[in-house]
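Please open the model in your viewer and keep the selection tool at hand.

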Amino acid sequence: MKLQSHSHLKLTTLLLNYAEHFQTKQLLQIQAQLITNPPLSLHPNLIAVKLIGACAANANLYHAQLIFAQLPNPNVFSWNAIIKAHINCGAWEHALNCFNRQLSLPSAPNPNEYIYTSLIKACAGLEAIADGLKVHAVVIKSGFDNNIHLGTSLVDMYFKFREPASAGQVFDEMPLRDVVSWNTMVSGYCLCGDLESARRVFDQMLERDVVSWNAMIGGYVQNGKYSDAIEVFHEMQKVGGVVPDDVTLVSVLSACAHVGALDFGRWIDRFVGWRGRGLNLYLGNALIDMYAKCGTMEEARRIFDGMWERDVISWSTMICGSGTHGDADEAFGYYSKMLECGVKPNEVTFMGLLSACSHAGLVDKGIELFSRMIQVYRIVPKVGHYGCVIDLLSRAGRLDEAEDLINSMPIEPNVIVWGALLGGCRIHKDFRRGERVAQRLLELDSEYTGSYVYIAGAKASVGRVDDAANCWLRMQHKGIIKDPGCSKIEVHNTLHEFKECDNASSGKDIQLF
């Protein structure tokens, strides 16, 4: 219907302001009206900016480019819009090309400070170091280097380039910093695995928000320092003033799962209930994972059954938990229900199923699932999938098949794969094959203790005591130490950690809450 002239401008402005909420078909209708009955008082660049943004929101980058191409003299806001449209659609390289074109065209306006944050994000995403340095140089040349948002974006970019020294230099030269700048430093050092520097910056912060605590806790979790993550969460509780959010709780639940802090995980479960906001998908999945890894499948089932929404992670976690605890029937039961609900399995699902087969000794079932994963679901097996199947065959004594599968792998077998075969050789006393496999493991990792232990044990078992002793001496000479056994026990809200060599008074204690 043709727009009435008396309300044309008002209605057009209203439609353009809400354009990002429309679907592509509705956008085309609006654009058709604007072409056939253009509002004289609205500048073409203003209309273009609104439509380009709406196209980006609908992931229709091609149409956004067509709109931009029709502008006779695009202004700085139109250039910003088309560059941001490319970035929002993930076309980072094209965004940088647009920026370079803007710089090279004599008629194009100079970029303003608002576009550089998006360009820095594109450089970081592409890990385009040369382009990142160029953008940084243009920022300085344009006099925008004192902008706090650009400075923070540059810090983040250099961390993603794995250049922590450059990130630190930019941060140190910033005349103003806010909590976001400090948080970026903490997250960046954690990303680079430098937890000591991350903690130093964190401890220097005069103001911390929940993102600050999440960065430090998440950094410890991502780098395998689970006990430290729990300690930081405990510190967060003592300091007060900051309420843990879902990101905090998911990270801490992951730490609990890895160290076996069941009672603390239960406390977080109760805390989620006390908040009265219900259980969302991500917290539900984290609680299932924690309970499953802590060995309480009953409570994992309770959480799973109470979830309104479930995704492939929810189902896969239950399958993995059931399989790990030796209940293959339950694992396959969840797999069947998952398929009935129309949820497509992923690589983690099949890892759980193959692990269940391995624990239950279901060799043929495991091989069938492995084939189904490849042929039906088109999932390319990773080294972990091969490791499960080889472990399954090796435990069953089908060592020839296991070794043939290793030799036919399209990816390089690692120590886990060869170690699974070595385990089968140990079980079925195939010493000749075992010694050959152990030597192969030493070629891959000269400090792989399992090979030395196996070779020494194999030689000792056939009376070659001197050879066994020499093997142990080689380990000692190279400084290779067999990892001691480790146990953790949770008593009175404190997690006690003991190693094989500890006496009654040693070990590490972690206060939980």
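Begin with the second largest pocket, which holds about 220 Å³ of space. A pocket here is an open set of points, on a 1 Å grid over the protein atoms alone, where a 1.4 Å probe fits and with protein on both sides within 12 Å along at least five of seven lines, and its lining residues have an atom within 4 Å of a point; points are joined across faces, edges and corners, and the volume is the space filled by probe spheres set on them. This is a predicted model, in which local features need pLDDT of at least 70 and side-chain atom pairs count only at pLDDT 80 or more, while totals for chains, interfaces and linings use all residues. Residues are numbered from 1 along each chain as its sequence is written, and side-chain values use heavy atoms, with hydrogens and water left out.

Now select the lining, which includes Asp 289, Lys 293, Thr 317, Cys 320, His 325 and Met 351. Helix 17 (281-293), helix 19 (312-324) and helix 21 (347-360) are the elements that each give two or more residues to the lining of this pocket, and helix 19 supplies the largest share, five residues. Helices (H or I, at least four residues) and strands (E, at least two) are DSSP runs numbered from the N terminus, and the protein has 28 helices and three strands.

Next, show the largest nonpolar core, a set of 140 residues; such a core is made of buried Ala, Val, Leu, Ile, Met, Phe, Trp, Tyr and Cys residues joined through side-chain atoms within 4.5 Å. Helix 17 gives this core its largest share, eight residues. The residues with the most contacts inside the core are Tyr 116 and Ile 390. Select Tyr 116, and among its contacts (heavy atoms within 4.5 Å), leaving aside neighbours within four places in sequence, you will find Phe 99, Val 135, Phe 144 and Leu 150.

Move on to Val 252, which lies in helix 15 (residues 246-259). Is Val 252 buried or exposed? Val 252 is buried, with a relative accessible area of 0%, where buried means under 20%, exposed over 50% and partly exposed in between, for a 1.4 Å probe and protein chains only. Not counting residues up to four places away in sequence, Val 252 touches Ile 217, Phe 233, Phe 264 and Ile 268.

Finish at helix 26 (residues 431-444), where Arg 433, Gly 434 and Leu 441 are among the buried residues.
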